[in-house]
Amino acid sequence: MTLTLNNRSQSKESSLTQALRQIQHLNSKIAVLEQQHQDYVQKQQNLINAIAEICVSPIQEVQALRILIYRGEAACRQYLRSVLVRQRKTS
């Protein structure tokens, strides 16, 4: 009888320890995701600032924002580079 109770007690403790480990693992994954999100938000804010600085017309700004939304950061940066090249050619 004592042996059965000890086995049950150890099994419960093992289950609790395993659950605690899983919770800690999930918490660390959440922390990583939160950091990645903060990095993403910072990049987007920097890109929006660059759009405001580089684009000389509202149409260019709207186009840059559309590209950012629909095609992503890399395509938006490429568009901004092309705008800069055109501005240098006209200067």
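Glutamate 73 is partly exposed at 24% relative accessibility, a class that lies between buried, under 20% relative accessible area, and exposed, over 50%, as computed with a 1.4 Å probe on protein chains only. The model is a predicted one, in which local features require pLDDT of at least 70 and side-chain atom pairs are counted only at pLDDT 80 or more, whereas totals for chains, interfaces and linings use all residues. Residues are numbered from 1 along each chain as its sequence is written, and side-chain values rest on heavy atoms, with hydrogens and water left out.

Glutamate 73 forms a salt bridge with arginine 77, the closest N and O atoms being 3.0 Å apart; the term denotes a side-chain nitrogen of Lys or Arg within 4 Å of a carboxyl oxygen of Asp or Glu. Arginine 77 is likewise partly exposed, at 32% relative accessibility. Because the two residues are 4 residues apart in helix α3, arginine 77 and glutamate 73 are separated by about one helical turn. Across the whole structure, the search finds 1 salt bridge. Helices are DSSP runs (H or I, at least four residues), numbered from the N terminus.

Glutamate 73 is also in contact with glutamine 44, which touches Leu68 as well when neighbours within four places in sequence are left aside, contact being defined as heavy atoms within 4.5 Å. Glutamine 44 belongs to helix α1, spanning residues 2-54, and is buried with a relative accessible area of 12%. Although glutamine 44 and leucine 68 are 24 residues apart in sequence, their C-alpha atoms are 8.9 Å apart in space. Apart from neighbours within four places in sequence, the contacts of glutamine 60 are Cys55, Tyr79, Val83, Arg86 and Gln87.

The largest nonpolar core comprises 13 residues, and those with the most contacts inside it are Ile51, Ala64, Cys76, Tyr79 and Leu80. Two or more residues are given to this core by each of α1, α2 and α3 (73-90), with α3 giving the most, 5 residues. Such a core is a set of buried Ala, Val, Leu, Ile, Met, Phe, Trp, Tyr and Cys residues joined through side-chain atoms within 4.5 Å. Alanine 64 touches Ile51, Cys55, Cys76, Tyr79 and Leu80, not counting residues up to four places away in sequence. In soluble globular proteins, nonpolar side chains tend to be buried together.

The structure holds 0 disulfides, a disulfide being a pair of cysteine sulfur atoms within 2.5 Å. Cysteine 55 is in no disulfide, and the nearest cysteine sulfur, that of cysteine 76, is 7.7 Å away. Cysteine 55 is buried at 6% relative accessibility, and cysteine 76 is buried with a relative accessible area of 0%.

Tyrosine 70, found in helix α2, is exposed at 69% relative accessibility.
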